[in-house]
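Please read the following account alongside the sequence and the structure. It goes from one site to the next in plain paragraphs.

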Amino acid sequence: MSGREPLVRMVNISKSFGTVQALKDVDFEVGYQEVMGLVGDNGAGKSTLIKILTGVFPPDTGEIYFEGRRVDIRSPKEARDLGIETVYQDLALIPLMSISRNFFLGREPVVRMGPLRFLDKRRMDMTVREVLSEIGIKVRSPDEPVAVLSGGERQSVAIGRAVHFGAKLLILDEPTSALSVRETHKVLDYILEAKERGLSIIFITHNIYHVYSVADRFTILEHGHKVAEFRKDEVSAEEIIEIIRSGYREPKE
Amino acid sequence: MGQKTAAGSVKSPPRFFHLFALWLRQHPEFGAFAGTVIVFIGFSFTATRFLTADSMASILTVAAELGIVSAGITFLMISGEFDLSVGSVLGVAAMIFAMTSKAGWPHFAGWVLALLTSAGIGLLNGIIVTRTRIPSFITTLGAMMFWRGILLAVTGGFPISYFPREMPLMFFALNGRFAGQFRTSALWFLGIMLLLNLVLVRTRYGNAVYATGGNREAARVLGVATDKVKLINFVISAVLAGLAGCIQFSRFLSVDPMRGLGLELEAIAAAVIGGTLLTGGAGNLIGTLFGVLLVGMVRSGLVQAGAPAYWYQAFVGLIVVVAVIVNTNLRRWALK
Ligand SMILES: Nc1ncnc2c1ncn2[C@@H]1O[C@H](COP(=O)(O)OP(=O)(O)O)[C@@H](O)[C@H]1O
Ligand SMILES: [Mg+2]
């Protein structure tokens, strides 16, 4: 990271909801092709931080730099246009809709007929078939509703979607917390594969063991403060757990 | 559908059921289609004049006016909202069309004003719902009562009639007879159904509508402008209700301030019979088409079978409940 601007730099971010101070003066960075583990207890402010980064709501104070440029991200769509893709645990896909409709939601390819534009169903289905077979998911047709997929398959499809659309930064909010052990491993493998393809990844979880195997660095949040930041070679999983367990310490200013 | 089994190498019922289940996952309208066929056959035997062109025309006349309203409601319901004010909007639009016609306006201008007013009411509904996050059930219940009240106040409770010496072209276009008892309203109805279904199934906007109702928060974080989708759908719902009001006025040439009362529930019933989820995110207009045909058949058929008119409500109520039970179980079975 020496000298070079990281992919994402968030500076002095604060956010409160009414009387709840969800984030206080948080600095946060993610390098190129780096997996950043964002950890901390429930309510620490992890989701709030990434919701600010993805334009779900604005910060009260603070600045965001993406690829070295100051950016104002005012909506999830703007974040997406920058190349920031998010996979939320329970909001990854819409169960009632078909896999291919989900995959292309908001970015559907169209064929033009005069002034009219219709979904390019053929291209949608072909692409989804390819991606699914790459991930190793077997379904009869891309028109199947997402409801027929398991939790891990849904996460994988959502990650595959981000990769397919050329994301630069992939954000995963608790991607494994509802999964079986075996499914968790599949998703973790798939995260590493996304990194191999050049993506940076923010992995949010409160299960340290899940994130420890894939992350390069860790940022620990506690009650809205950043309490520590480590490279993987500076810290063990047990030490991270101990920091989170022992509770809030004055952040070093 | 699933006739492949017969041609397949091994004729095994489980495989047929499996294929049928797969097909069913993408066709929530199947229940309404089957119901329509069953009721149609039932009335063919019990009502003597049921299988005549006149009878079909009268079913279509009822179905068309209800169906145009129900089409808008379906769109809105799929995006996760309700509109209980469509009955009142229908009344307001019909009244504007009637008053402007009586005042000697060009009919086309009166029609446009009626639709614009409807659009305004829909927009207002949409703005209130998306800004305040008050459930649309409540917001549009308020709108329903408010606009009905305005209608009563403005007319003093009296009906308005308009009997031109000859049928104006606009009235013919909206609801004239063109083949025996068949009316142009049926063409509006079918055209609107097909158009909206095309939008729903084959366009980006349709995808956004499903996503908005399927999971608003997920759609939003994926970049769908969910509030805009809802706003547009409130306007569509109200404009179609207004159009139905003008079409109905063209048929009766008179409108009283209670016109359209209770229609919102019939329109929602037809959508639900057609497989549209009350909770949003699923459904289509083919289902609604069969839903309104079913309701139309019941209304005409019961009369022709000699049943007293009050049975109509009871029968439709029964169909709604049975349809929801059947649709729910079909859905569950298909996903297994
Ligand atoms: N939209 C919101 N409105 C009000 N309070 C919120 C909102 N989002 C988060 N909070 C509060 O902010 C704090 C941090 O929440 P969150 O970022 O979700 O934590 P985490 O993801 O680390 O579990 C919590 O106290 C939570 O209750
Ligand atoms: Mg969280």
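The side chains of Ser185(B) and Asn175(B) make a polar contact at 3.1 Å. A polar contact is a pair of N or O atoms within 3.5 Å; within protein, one must be able to donate a hydrogen and the other to accept it, and residues adjacent in sequence count only if both atoms are side-chain atoms. The model is predicted: local features need pLDDT of at least 70, side-chain atom pairs count only at pLDDT 80 or more, and totals for chains, interfaces and linings use all residues. Residues are numbered from 1 along each chain as its sequence is written, chains are lettered from A and ligands numbered from 1 in the order in which they are written, and side-chain values use heavy atoms, with hydrogens and water left out.

Ser185(B) belongs to helix 9 (residues 184-202) of chain B. Helices (H or I, at least four residues) and strands (E, at least two) are DSSP runs, numbered from the N terminus. Is Ser185(B) buried or exposed? Its relative accessible area is 0%, so Ser185(B) is buried. Buried means under 20% relative accessible area, exposed over 50%, and partly exposed in between, with a 1.4 Å probe and protein chains only. Not counting residues up to four places away in sequence, Ser185(B) touches Ala64(B), Ile68(B), Leu174(B), Asn175(B) and Ile247(B). Contact here means heavy atoms within 4.5 Å.

Another serine of chain B, Ser55(B), is found in helix 4 (residues 53-78). Ser55(B) counts as buried because its relative accessibility is 3%. Neighbours within four places in sequence aside, Ser55(B) is in contact with Arg49(B), Phe50(B) and Gln304(B).

**From chain B to chain A**

Ala211(B) lies in helix 10 (residues 204-214) of chain B. With a relative accessible area of 0%, Ala211(B) is buried. What does Ala211(B) touch, not counting residues up to four places away in sequence? The residues are Ile94(A), Met97(A), Leu105(A), Arg216(B) and Ala219(B). Ala211(B) and Pro168(B) are 43 residues apart along the chain, and their C-alpha atoms are separated by 43 Å.

**Helix 5 of chain A**

Helix 5 of chain A (residues 151-164) has 14 residues and reaches 20 Å from its first C-alpha to its last, close to the 20 Å expected at 1.5 Å a residue. The expected span is 1.5 Å times one less than the number of residues. Why is helix 5 of chain A largely enclosed by the rest of the structure? The reason is that ten of its 14 residues are buried. Among them are Gly152(A), Gln155(A), Ser156(A) and Arg161(A). The cover over the buried residues of helix 5 of chain A includes helix 2 (76-82), strand 6 (84-88), helix 3 (99-103), helix 4 (121-135), strand 9 (169-173) and helix 6 (181-196) of chain A.

Ile159(A) lies in this helix and is buried, with a relative accessible area of 0%. Residues up to four places away in sequence aside, Ile159(A) touches Val87(A), Leu170(A), Leu172(A), Val187(A), Tyr190(A), Ile191(A) and Ala194(A). Ile159(A) and Val181(A) are 22 residues apart in sequence and 18 Å apart in space, C-alpha to C-alpha. Helix 5 of chain A is followed by Gly166(A), which has a positive phi near 70 degrees.

**Ligand 1**

The residues surrounding ligand 1 are Phe17(A), Val20(A), Ala22(A), Asp41(A), Asn42(A), Gly43(A), Ala44(A), Gly45(A), Lys46(A), Ser47(A) and Thr48(A). Each has a heavy atom within 4 Å of the ligand. Four of the shell residues are nonpolar, five polar and two charged. In this grouping Ala, Val, Leu, Ile, Met, Phe, Trp, Tyr, Cys and Pro count as nonpolar, Asp, Glu, Lys and Arg as charged, and the others, Gly among them, as polar.

A polar backbone atom of Gly45(A) is 3.0 Å from an oxygen atom of ligand 1. Taken alone, ligand 1 exposes 560 Å², and the protein buries 60% of that. Such areas come from the Shrake-Rupley method with a 1.4 Å probe; for residues, only the protein chains shown count as cover. Strand 2 (20-30) and helix 1 (46-53) of chain A are the elements that give two or more residues to the shell. Helix 1 of chain A gives the largest share, three residues.
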